[in-house]
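Hello,

Here is the structure I promised to pass on to you. Please open it beside this note and follow along.

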Amino acid sequence: LGDRPEGQPDLSLHATVRSHLQSLAVLAVVPVSLAGVVFGHLVMGHALSLLSVTAFIALAGIVVNGSIVLVSSYNDERRAGKGVDEALVAAGQSRIGANALTSITTIAGLMPLLFERSVPARTLVPIAITISFGLAASMLLVLVMLPAILRSIEDLRRLTDRRGGGS
């Protein structure tokens, strides 16, 4: 961090998606996945704990990774000459299988731990709840909310281009 010029953020996320607005779109999905975490803890009857917060940090990494892959796929489709809506649909279609498969297998792998009642395993249950329910919520959010945000970004760009060109 010390070597970067003043006023320039050191964000590897920005280097990956190459847009400040797209970086924010990727990050916007993370807090919304918290709804799945809270819902999971309520349904399972567990209070949020320090382990839940730690697991949320891991969940954030998973969510950001899935979001980056979707945005990169969208950008590839746009570079290939597709329109915004066509690129969003193509990116979503190309990622839905991998996103769903990864999420479902992770949730299935954590399922035995979710219902484990032994004393040693009880310390791990909040982690399993956080990742399972957060991942289930984010799976849907990445494929629905993120394309909507990307579409809004394109609308905003088009609007600002029109205003800038008309001056």
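Below is what I found, from the overall fold down to single side chains.

A word on the source: this is a predicted model, where local features need pLDDT of at least 70 and side-chain atom pairs count only at pLDDT 80 or more, while totals for chains, interfaces and linings use all residues. Residues are numbered from 1 along each chain as its sequence is written, and side-chain values use heavy atoms, with hydrogens and water left out.

**The chain as a whole**

You will see 6 helices and 0 strands, in the order α-α-α-α-α-α along the sequence. Helices (H or I, at least four residues) and strands (E, at least two) are DSSP runs, numbered from the N terminus. Of the 167 residues, 37% count as buried; buried means under 20% relative accessible area, exposed over 50%, and partly exposed in between (1.4 Å probe, protein chains only). Taking contacts (heavy atoms within 4.5 Å) between residues at least 6 apart in sequence, 71% join residues at least 24 apart. The chain exposes about 9600 Å², and carbon and sulfur atoms supply 65% of this area. Accessible areas come from the Shrake-Rupley method with a 1.4 Å probe; for residues, only the protein chains shown count as cover.

**Helix 2 and the nonpolar patch**

Helix 2 (20-44) has 25 residues and reaches 38 Å from first to last C-alpha, close to the 36 Å expected at 1.5 Å a residue. That expected span is 1.5 Å times one less than the number of residues. At the start of this helix, a side-chain oxygen of Ser19 comes to within 3.4 Å of the backbone nitrogen of Leu21. Just after the helix, Gly45 has a positive phi of about 75°. Buried residues of helix 2 include Val26, Val29, Val30, Gly36 and Gly40.

Leu21, by contrast, counts as partly exposed, at 33% relative accessibility. Together with Leu24, Leu27, Leu156 and Leu159, Leu21 makes a nonpolar surface patch of about 430 Å². Patches are made of residues with over 30% relative accessible area and no salt bridge; like charges are joined within 9 Å, and nonpolar side chains (Val, Leu, Ile, Met, Phe, Trp, Tyr) within 5 Å. Helix 2 and helix 6 (125-165) each supply at least two of the patch residues, and helix 2 gives the most, with 3.

**Salt bridges**

The whole structure holds 7 salt bridges, each defined as a side-chain nitrogen of Lys or Arg within 4 Å of a carboxyl oxygen of Asp or Glu.

Arg151 pairs with Asp85, with the closest N and O atoms 2.8 Å apart. Arg151 lies in helix 6 and Asp85 in helix 4 (residues 84-114), so the pair ties together parts that are 66 residues apart in sequence. Both are partly exposed, Arg151 at 22% and Asp85 at 45%.

Glu154 is buried at 11%, whereas Arg157 is partly exposed at 29%. Shared partners also link Asp85, Arg151, Asp155 and Arg158 into one network of salt bridges.

In helix 3 (residues 50-79), Arg79 and Asp76 are likewise 3 residues apart, and their side chains meet at 2.6 Å, N to O. Arg79 is exposed at 63%, and Asp76 is partly exposed at 44%.

Technical notes: Polar contact = N/O pair within 3.5 Å; in protein donor to acceptor, adjacent residues only side chain to side chain.
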